[in-house]
Amino acid sequence: SFTISLHKADNTTVMIKLRPGFSSRCRISVKTVTMSELKIKPGENVTFTFTCSTPEKYFIMEIQKNIDCVSGPCPFGDVHLYPPGLPRLNRTYIWDVKASIKAGLELKFSASWLRQIEPGETCPDSVSYNINSSIDKATVNIGTFCRNGSVSRVKLLGGVVMSLHLPWHLALTTSGFNIANRASIKRLCIIESILKGESSITLMSPNYPLGFPEDELMTWQFVIPPSMRASVFFHNYSLSNCERKEERVEYYIPGSPSNPEVFKLSDSQPANIAGSFNMSLQGCDQDAQNPGILRLLFQVVVQHPQVDENVTHLVDLSREKNMTVTIYLEGWPSHMPLMPEPICLICKDPRTCDRVLTLTSGAVYRISFLCKDLSRLRIMAEKGIGCMDIHWCQRKIYSLSVPKAITQLPIRLHTFIWKLLATDLINIEITSPSLKLHQRVPEQRCNTSYGYSIVSATPETELNVGVFCPGGSIEKIQMRNNISISLKAFGKGFINESIPQDLKMSFVPHIKDECIFTVSPNPKAKVYLQSPSGPYGLPPYMSISWFILVPSKQTARLGFSTDRMGIACETGRAYVNIKEETPGAEEIVRREDELLPQPRNMHHSFWVNVSNCKPVDKTQLTLQFWVTFADKQIDLGVILALVAGAGVLTAIGLTVCCVKKKKKKTQNPMVGVYNANVNTQMPGKKGLFGKGRQNNESHVYAVIDDAVVYGHLLKESNGSVAPEVDVYRPFDGPIGSLPPSPPPFSFRKDIKRSSNTEEEPPSLTDADQDTYTFAHQKSGQSEDSGDANKTDKGDTSVPLLENKEQDGLVE
């Protein structure tokens, strides 16, 4: 059993009640009566028991003592825990001290002092203090505190309601504070904080986060050792809607020529303060209809002065345009709030320092660093380049290099971003004239200290073009719409002297594909190229092209890293197109449901184009291929054929000479008969891809109608049927610099023709037979006007797809 005896003069009340949310499985028994709660008033003596062995699970206890410092003397000194002998329950001691507004109260804490915590946060030892100021009938929550901090004293205007929360298993004999004296402070409260050595504390305005009282004033006093430096950082604040006055923060710093120093809450607060100082928060008269909320959470960091705090670095951005430079501490912004250890500070003058400093173009700065280890600092810069009129900026070449004002700083450059902005009909071309670029893929890593991440932002999606490093084979990248290029440092960071920067940018007229790469590989290297957005895949309905330059004395070998594209289309078809840049070149086309071409030799510069469909699932198209080079081999058969051809020509020449001499000697005239069926062409080796239609019928598919065989019978019977030959009509247009692109998805035919001897063409399925045809007639042309009736005298190119303009198809 427990016995609680309360003296009437102590003005103390004890209340035992059930914990919120618990049922009455355990009861309180007083004599023969059981109850769920018990209240013991001043002057009462009560003996009671619990009906269970673990009452701490079900009950809590509140002990409230009322102290009157208005009509009677104030009990200065230590505040004791009364009464003794209480049961082991979670308990809360409450001291309600009444005092006059003209004579405030001062609470002084023991050697452990207090540390303020945010609402909802708990103390490690479950011991917490809550301090409230009581002015007339209004109550202001000064804050909740844990033990072991820096808050040594709190002075309050008017009365105080002080609460101490203790867990049931902890037996304390002292409250840890005393009522020191009474003094008029003419403000809501004063909180004193004593900081020793390098440390960091966090404090909040009263009633945080609900709002600072209207038109109130409060002060924090910070006691700093003379050999230390203090800096103030605001982490979270909001402003109310003022009708009169202005919300502000005032600093009183000993030795300052302008005390008090006034700052807005949005300003960078003072830093590198030598010695103790005061900081005050002043509210305003708020709008009665829409008062808003004034609140503040801030941090004070104390650390030793840095040996290089007087060393300044010149950052000249006066000639730069549309550029910002941000110097920050490693981990920003994710790990910026409330770091307990001393930190690196960046100062743009001796008293304006922060963990993040942003510099803008058009000005000159002298900055210094308060940091023991500069390797923890980083630089991130951003520059904008725009073009709204192609006639104004088409011939301009912009150098995408990091300014010396940044590279000369003793800080690691983490990222430099160029944001290139243009209108819809203006595109962007990126070149690296001397170094060229190579694309970073698993088979082809970067061995430089930096690389470029290129992202093309389109209205529909964001195309991640890839990461490119200097020293490769990509001469030019052309892209549509707005572009973001980020120089990112690898390893120990960007080292400007390691490899000179050689990235240029210009604005060009509209291009057809989303992205076009011009590649000039090293003849001795194996080059890997990958479709953009790898490894996440090419966005739907997007077309990308590569133009690979092949030297005249070399042969390129093209191969794909996978057998198939690896997707299934929901709408449209995905295609891979390969075509050499030479007249009469044949175009190789593969769909997503077909095998990709086997490695093949390319004797001329060639195009590789990939066009995506809309896949049936989230998997997107990712295509990777490689290119190698070898010297062209002289074909012995060709040499022998040329020698033989020269011999034949010589023999024919001698024969003609002999015939002419013999004709001079002969007097009898000869009768000549013209035979139209004899081939009168001179024999000889025909040039590669130089055959005209009049002397080259290898491209004709002879599907001969019966009218051809029996034509003489039809003529005799005065028939009107003309002989007809169905022939494949090749592409007659010129070869240009644009990549081969398949027709729009709604007009594409499932075409797959290849005369490459290195692989056998797949057999036709029933579904494919309807899409293969010999005759491709142009609109408005009758069947009677076939190729058999044409007399083309120029060379004819034979690509797989027909000329889109002639067919009336416009992409």
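Two strands count as a pair when DSSP finds at least two bridges between them. Keep that in mind as you explore this predicted model.

**Stop 1**

Select residues 412-422, which make up strand β36, together with residues 482-489, which make up strand β42. These two strands run antiparallel to each other and are paired over six bridges.

Which residue of β42 is the bridge partner of F416? Click on L487 to find that partner. L487 is also the bridge partner of Y452. What holds strands together in a sheet in general? They pair through backbone hydrogen bonds, in either a parallel or an antiparallel way.

**Stop 2: an aromatic pair on the way**

Stay with F416 and show its side chain along with that of W418. Are F416 and W418 buried or exposed? Both F416 and W418 are buried. As you look at rings like these, remember that a pair is described by the distance of the centres and the angle of the planes.

The whole structure holds 22 aromatic pairs. F416 and W418 form a tilted one, with 4.6 Å from centre to centre and 40° between the planes. Next, jump to Y93 and W95, which are both buried. Their rings form a stacked pair, 5.9 Å centre to centre with 15° between the planes.

**Stop 3: a four-stranded sheet**

Move on to an open sheet whose four strands come in the order β18-β27-β20-β24, with antiparallel pairing. Which strands lie at the edges? Select 199-204 for β18 and 273-274 for β24, since these edge strands each pair on one side only.

Then colour β20, residues 229-240, and see how it pairs with β24 in the antiparallel sense over two bridges. Zoom in on R229 and you will find A274 of β24 standing opposite.

**Stop 4: a cluster of rings and two charges**

Select W220, F222, F234, Y251, F263, F277 and F298 at once: they form one aromatic cluster. Now show F233 and R355. R355 lies over the face of F233, at 5.0 Å from the ring centre. For another example, go to W626, where K526 lies over the face of the ring at 4.6 Å from its centre.

**Stop 5: disulfides**

A search of the whole structure finds nine disulfides. Begin with C69 and C74, whose sulfur atoms are 1.6 Å apart. Their link is right-handed, with 90° about the S-S bond, and both cysteines are buried.

Next, select C347 and C353, joined with an S to S distance of 1.9 Å. This link is right-handed too, with 105° about the S-S bond. Why does C353 count as buried? Its relative accessibility is 2%, and buried means under 20%.

Finish with C446 and C469, a disulfide whose sulfur atoms are 1.5 Å apart. The pair links distant parts of the chain, 23 residues apart: C446 is in the loop between β38 and β39, whereas C469 is in strand β40, residues 462-470. The angle about the S-S bond is 70°, and the link is right-handed. C446 counts as buried because its relative accessibility is 18%, and C469 counts as buried at 0%.

Notes: Residues numbered from 1 in each chain as written. Predicted model: local features only at pLDDT ≥ 70, side-chain atom pairs only at ≥ 80, totals over all residues. Heavy atoms only, no water. Phe/Tyr/Trp six-rings, centres within 6.5 Å; stacked < 30°, edge-to-face > 60°. Buried < 20%, exposed > 50% of the residue type's maximum accessible area, 1.4 Å probe, protein only. Lys NZ or Arg CZ within 6 Å of the ring centre and 35° of its normal. Disulfide = S-S within 2.5 Å.
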